[in-house]
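Hi there,

Here is the structure I promised to pass on to you. Have a look at it first, and then read my notes below.

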Amino acid sequence: MRKFLIALIIIILTPVILAGLFILTFDLNTYRSYVENKLSTALNHPVKVGRLETKLTLVPTIQISDISILNAEQKAILVVPTMEATIE
């Protein structure tokens, strides 16, 4: 019975630990150019993004920092310091 409980705990904890490690080591900034292109297309203005981060919380959260929407002369017409998106 004791071996069964230990095996059950290992089976339950292993995916949780692996998922946590994946989230902590995943670099969302590799998708920065993709996000900038999608936002630029949607807004019909060039968009620059400073940093993309994931936050380890109970609700998956993505934080985007230093978002700039530019005009034709590449000057910022709107700057958003931080924006968060959650998945519920």
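**Strands and salt bridges**

Strand E2 and strand E3 (residues 76-86) run antiparallel and are joined by 9 bridges. Please keep in mind that this is a predicted model. E2 and E3 make a hairpin with 5 residues between them, and in the turn Gln-74 has a positive phi of about 65°.

Now turn to strand E1 (residues 47-55), which runs antiparallel to E2 and is joined to it by 8 bridges. Here you can find Val-49 opposite Ile-67 in E2. E1 and E2 also form a hairpin, with 5 residues between them.

Is E2 enclosed or open? Of the 10 residues of strand E2 (residues 61-70), 8 are buried, so the strand is largely enclosed by the rest of the structure.

Next, the charged side chains. Side chains of opposite charge can pair when their charged atoms come close. The count here is 2 salt bridges.

- Arg-51 pairs with Glu-53, and their closest N and O atoms are 3.2 Å apart. Arg-51 has 40% relative accessibility, so it counts as partly exposed. Glu-53, at 28%, counts as partly exposed too.
- Lys-55 forms a salt bridge with Glu-84, with the closest N and O atoms 2.8 Å apart. This pair links distant parts of the chain, as Lys-55 is in strand E1 and Glu-84 is in strand E3, 29 residues apart. Lys-55 counts as partly exposed at 32% relative accessibility, and so does Glu-84 at 43%.

Enjoy exploring!

Best wishes

Key. Residues are numbered from 1 along each chain as its sequence is written. This is a predicted model: local features need pLDDT of at least 70, side-chain atom pairs count only at pLDDT 80 or more; totals for chains, interfaces and linings use all residues. Side-chain values use heavy atoms; hydrogens and water are left out. Buried means under 20% relative accessible area, exposed over 50%, partly exposed in between (1.4 Å probe, protein chains only). Helices (H or I, at least four residues) and strands (E, at least two) are DSSP runs, numbered from the N terminus. Two strands pair if DSSP finds at least two bridges between them. A salt bridge is a side-chain nitrogen of Lys or Arg within 4 Å of a carboxyl oxygen of Asp or Glu.
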